[in-house]
Amino acid sequence: MLPKILVPVNDSEAAERTIEAIIANRERFPVTLTLLHVVDVNKLAYRMIPDFQVEMIQEKAMAVGEVTMQRIKERFNMAGIS
């Protein structure tokens, strides 16, 4: 039974090094990985932001997270990892 591996990703330097290491050592990993990108939408609600803009900011943060995930997913796919 192949292990299941969860890879937390974001735009940090640490995440970039992790991605590069996984790709460089892909023969040691299962063909399928699970990527995780967390957006804490509760931390995006600041007291200085009007209520009507909080939802817009949360939606923007989620959209940026989706773009990040797609970009990283494509890198893994090009390396033969799904």
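Begin by selecting Ser82, which, once its neighbours within four places in sequence are set aside, is in contact with Val31, Thr32, Leu33 and Asn77, contact meaning heavy atoms within 4.5 Å. The model is a predicted one, in which local features need pLDDT of at least 70 and side-chain atom pairs count only at pLDDT 80 or more, while totals for chains, interfaces and linings use all residues. Residues are numbered from 1 along each chain as its sequence is written, and side-chain values use heavy atoms, with hydrogens and water left out.

Stay on Ser82 and display Thr32 beside it: their side chains are joined by a polar contact of 3.1 Å. A polar contact here is a pair of N or O atoms within 3.5 Å; within protein, one must be able to donate a hydrogen and the other to accept it, and residues adjacent in sequence count only if both atoms are side-chain atoms. Ser82 belongs to the segment after α2 (51-78), where helices (H or I, at least four residues) and strands (E, at least two) are DSSP runs numbered from the N terminus. With a relative accessible area of 47%, Ser82 is partly exposed; buried means under 20% relative accessible area, exposed over 50%, and partly exposed in between (1.4 Å probe, protein chains only).

Next, select the charged pairs. A salt bridge is a side-chain nitrogen of Lys or Arg within 4 Å of a carboxyl oxygen of Asp or Glu, and by this rule the count comes to three.

- Asp11 and Arg71 meet through their side chains in a salt bridge of 2.4 Å, N to O. Asp11 lies in the loop between β1 (6-8) and α1 (13-24) and Arg71 in helix α2, so the pair ties together parts that are 60 residues apart in sequence. Asp11 is exposed at a relative accessible area of 56%, whereas Arg71 is partly exposed at 36%.
- Arg75 forms a salt bridge with Glu16, with the closest N and O atoms 2.9 Å apart. This pair also links distant parts of the chain, Arg75 being in helix α2 and Glu16 in helix α1, 59 residues apart. Arg75 is partly exposed, with a relative accessible area of 26%, and Glu16 is partly exposed, with 27%.
- Glu13 forms a salt bridge with Arg17, the closest N and O atoms again lying 2.9 Å apart. Glu13 and Arg17 both lie in helix α1, four residues apart, which is about one turn of the helix.

Now move to the loop between β2 (34-36) and α2 and select Val38, which is exposed, with a relative accessible area of 63%.

Finish inside, with the largest nonpolar core, whose eleven residues are Val7, Val9, Ile19, Ile22, Ile23, Leu33, Leu35, Ile72, Phe76, Ala79 and Ile81. A nonpolar core is a set of buried Ala, Val, Leu, Ile, Met, Phe, Trp, Tyr and Cys residues joined through side-chain atoms within 4.5 Å. The elements that give two or more residues to this core are α1 and α2, and its largest share, three residues, comes from α1. As a last stop, centre on Val9, which, not counting residues up to four places away in sequence, touches Ala15, Ile19, Leu35, Leu36, His37, Met69 and Ile72.
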